[in-house]
Amino acid sequence: MPIADDRPPSDSGRRGSKVWGLFKLPFRTSGNTTPHTPTLSSSYQIEGSNAHKNSENRSSTSGISVSSVARSLLPTRRRLRLDPRNKLYFPNEPGKQVQSAIKIKNTSKSHVAFKFQTTAPKSCFMRPPGAILTPGESIIATVFKFVEPPDNNEKPTDRKRKVKFKIMSLKVKGVMDYVPELFDEQKDLVSVEQILQVVFLDMTRPSPALDKLKRQLAEAEAALETRKKPPEDAGPKIVGDGLVIDEWKERRERYLARQQVDGEDSV
């Protein structure tokens, strides 16, 4: 006769069912779906793409900055040759107006306008302050400066740093009249040729710089006198449209006019 086992399930059986339930939990599906969260690999992919974009932006920005710096470091192509190259020599005569000279030559293949600038426009002026040079043309410019008496505690080196001059150049198209507004209208095309420092020379001590200054001042004065002279008359004068007046014809007309006046007086 079978005998029913009325004993309660043992603890080992209950533990086995619990373990089996734990194994079944991950495979259970419920009606409520949970939102998808990015896994670790997908987050790495997103971060990697962002890092790649940032690196591209940084590389493009760095490329632009490097190219601009490289252009700034390139030497400026000079259009003018200056003599002296980077200095203006003045006689050291306090309380007087002194002169300096500099030779400017256009070494380019185009017409070039140049212009002077100074940090002391009240005590300095240039002649000419600017001009247009044809290819290969040169000119000796004169700079006038009033030399102020030095202060009690002023050093000679301090006087040199006070006043500076700058020569700028601008490429122009062909022959035209010089006007200072050319440099304002085309600021992006203006080049700084040189910044000139002031050097005072002792007139009591002979030096090559002093001899050269005297020679250039004499050449500048001679060129100025040549420009002041009226052009020589190489032929007949043209007055009006197509009317040619010869010198001998003028003399004959004056002679005939005097004779006519003398004849009327005698009558």
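Biologist: Why is Asp 83 called partly exposed?

Modeller: This is a predicted model, and in it Asp 83 has a relative accessible area of 29%. Buried would require under 20% and exposed over 50%; Asp 83, at 29%, lies in between and is therefore called partly exposed.

Biologist: What makes the contact of Lys 212 and Asp 83 a salt bridge?

Modeller: The criterion is a side-chain nitrogen of Lys or Arg within 4 Å of a carboxyl oxygen of Asp or Glu. For Lys 212 and Asp 83 the N to O distance is 2.4 Å, so the pair qualifies. Lys 212 belongs to helix H5 (residues 208-228) and Asp 83 to strand S1 (residues 80-83), so that the pair links distant parts of the chain, 129 residues apart. Lys 212 is also partly exposed, with a relative accessible area of 26%.

Biologist: How many salt bridges does the structure hold?

Modeller: The structure holds two. Besides the pair already discussed, the side chains of Arg 205 and Asp 202 meet in a salt bridge, with 3.7 Å from N to O. That distance is within the 4 Å limit, so the term applies here too.

Biologist: Why is Ser 110 called buried?

Modeller: Ser 110 has a relative accessible area of 16%, which is under 20%, and therefore it is called buried. The residue lies in the loop between strand S3 (97-106) and S4. Leaving aside neighbours within four places in sequence, Ser 110 is in contact with Leu 133, Pro 135 and Lys 171.

Biologist: What makes S4 and S8 a strand pair?

Modeller: A pair needs at least two bridges, and strand S4 (residues 111-118) and strand S8 (residues 164-172) have eight, in the antiparallel sense. Ala 113 stands opposite Leu 170 in S8. S8 is also joined to strand S9 (residues 191-201) by six bridges, again antiparallel, and Ser 169 stands opposite Ser 191 in S9.

Biologist: Why are S1 and S5 described as standing at the edges of the sheet?

Modeller: The open sheet has four strands in the order S1-S3-S7-S5, with antiparallel pairing. S1 and strand S5 (124-127) each have a single partner strand, so one side of each is left without a neighbour in the sheet. On average, neighbouring strands of this sheet are turned by 25° against each other, direction ignored. Four bridges join S5 to strand S7 (residues 138-146), and the bridge partner of Arg 127 is Thr 142 in S7.

Biologist: How many cavities of 30 Å³ or more are counted, and what lines the largest cavity?

Modeller: The count comes to one cavity of 30 Å³ or more. The largest cavity has a volume of about 40 Å³, and its lining consists of Arg 127, Ile 140, Thr 142, Ala 220, Leu 224 and Arg 227. H5 gives the most to that lining, with three residues, while S7 and H5 each supply at least two.

Conventions. Residues are numbered from 1 along each chain as its sequence is written. This is a predicted model: local features need pLDDT of at least 70, side-chain atom pairs count only at pLDDT 80 or more; totals for chains, interfaces and linings use all residues. Side-chain values use heavy atoms; hydrogens and water are left out. Buried means under 20% relative accessible area, exposed over 50%, partly exposed in between (1.4 Å probe, protein chains only). Contact means heavy atoms within 4.5 Å. Axes are lines fitted to C-alpha atoms, for helices over the stretch in contact, and angles run from 0 to 180 degrees between N-to-C directions. On a 1 Å grid over the protein atoms alone, a cavity is a set of points where a 1.4 Å probe fits but cannot get out, and a pocket is an open set with protein on both sides within 12 Å along at least five of seven lines; lining residues have an atom within 4 Å of a point. Grid points are joined across faces, edges and corners, and a volume is the space filled by probe spheres set on the points.
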